[in-house]
Amino acid sequence: MPTPPSVNIAPKVVAWESTRACNYACSHCRATAQKQPDPNQLTTQEALHMVDQIAAICKPVFIISGGDPLQRNDIFKIAAYASNIGFRVAMSPSGSNMSQKTFEKIKQANIQMISLSIDGATAHTHDSFRNVPGAFDLALKNIALANANGVPFRINTTITQHNYKTIAAIHKTAIEQGAVEWDVFMLVPTGRGKIDMEITPNQYEETLQIIYKLSVASPIPVKVTCAPQYTRIVAQQTKEKPLRGGRGCMAGNGFCFISHTGEVFGCGFLPIPAGSIRQQSFQEIYQQSPLFIELRNPCLLRGKCGKCFYSIMCGGCRARAFSTKNNYLEEEPFCIFK
């Protein structure tokens, strides 16, 4: 049976898709980003009210994503508002030619970190993935400005068939460019990201093993997203007991995603809304929605995930299960552990 709702449950991280407007048309894009903003996206006042609703139950890490957040002319007002009430604000610009003025505004809004994407160690690999010639050089130019302005940044990398063999080279690039963290995203086939772009289950396991080995000697932290199996790999390598630590899949369980129109999801890759902040309070949605209550209950997992020794620690990717089996409680289809 699902665990009952609790008034004490609150997310540690909230990601807000501020807009779907973006200059890029990346092959893997979850949001199927577009050139123009959706006229139905949250207004400035609705966005500020959203921040207030979140603040009523927690002061999380608040990730402003997109699309490209810099396509909103009110984004620094909203970021500053969240910072001033105690959120730790991060931003993920995408596709913008950032300027000195941009970084001055980032610092004025007290944005703690930005995320910049490098999906290949060479311009050819990165640009072919981003579908924009010159995208790699633009990323390096934005990185140089971040370094010059003392703005911490992490490098995001999405792993697909096009780059999984060059992981070590991308990690080296992130270090050389001065990133404070390297965040590796394992593709979830939603939006433009197709299943045929995803690496095979055996390649998936091999890739996570390589990432772990890189992390051991890495001078910067290495984080893995949308790969709950990584918690199992770390536990196997470190002999950590499987009941310790947090859940690998955080969808609705310490994390949630708010769309550009105010719908609340377990994560950005699981396209099932738990509710809308235009109709309900954020607190009610996060604590009481049937979807989130189920996502927080590992006893409901099916197939090999339900029987797995690491089910509490890992939980399998609920979005990947949904994308391939149309049921978010089914077993993780890209895990080879038995």
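Threonine 125 touches Asp119, Gly120, His162 and Asn163, leaving out residues up to four places away in sequence; touching, or contact, here means heavy atoms within 4.5 Å. This is a predicted model, where local features need pLDDT of at least 70 and side-chain atom pairs count only at pLDDT 80 or more, while totals for chains, interfaces and linings use all residues. Residues are numbered from 1 along each chain as its sequence is written, and side-chain values use heavy atoms, with hydrogens and water left out.

**Threonine 125**

- You will find threonine 125 in helix α4 (residues 123-130); helices (H or I, at least four residues) and strands (E, at least two) are DSSP runs numbered from the N terminus.
- With a relative accessible area of 17%, threonine 125 is buried; the term means under 20%, with exposed over 50% and partly exposed in between (1.4 Å probe, protein chains only).
- Its side chain makes a polar contact with the side chain of threonine 122, at 3.1 Å. Such a contact is a pair of N or O atoms within 3.5 Å; within protein, one must be able to donate a hydrogen and the other to accept it, and residues adjacent in sequence count only if both atoms are side-chain atoms.

**Threonine 207**

- The side chain of threonine 207 reaches the backbone oxygen of glutamine 203 at 2.7 Å.
- Setting aside neighbours within four places in sequence, threonine 207 is in contact with Ile159, Tyr164, Ile167, Met186 and Ile199.

**Cysteines**

- The structure holds zero disulfides, a disulfide being a pair of cysteine sulfur atoms within 2.5 Å.
- For cysteine 305, the closest cysteine sulfur belongs to cysteine 314 and is 6.4 Å away, so it is too far for a bond.
- Cysteine 305 is buried at 10% relative accessibility, and cysteine 22 is buried at 4%.

**The sheet**

- Ten strands form an open sheet with mixed pairing, in the order β7-β6-β5-β4-β3-β2-β1-β8-β9-β10; two strands pair if DSSP finds at least two bridges between them.
- Because β7 (222-225) and β10 (275-276) stand at the edges with a single partner strand each, one side of each has no neighbour in the sheet.
- Strands β8 (residues 255-258) and β9 (residues 263-265) run antiparallel and are joined by two bridges; phenylalanine 257 has phenylalanine 265 in β9 as its bridge partner.
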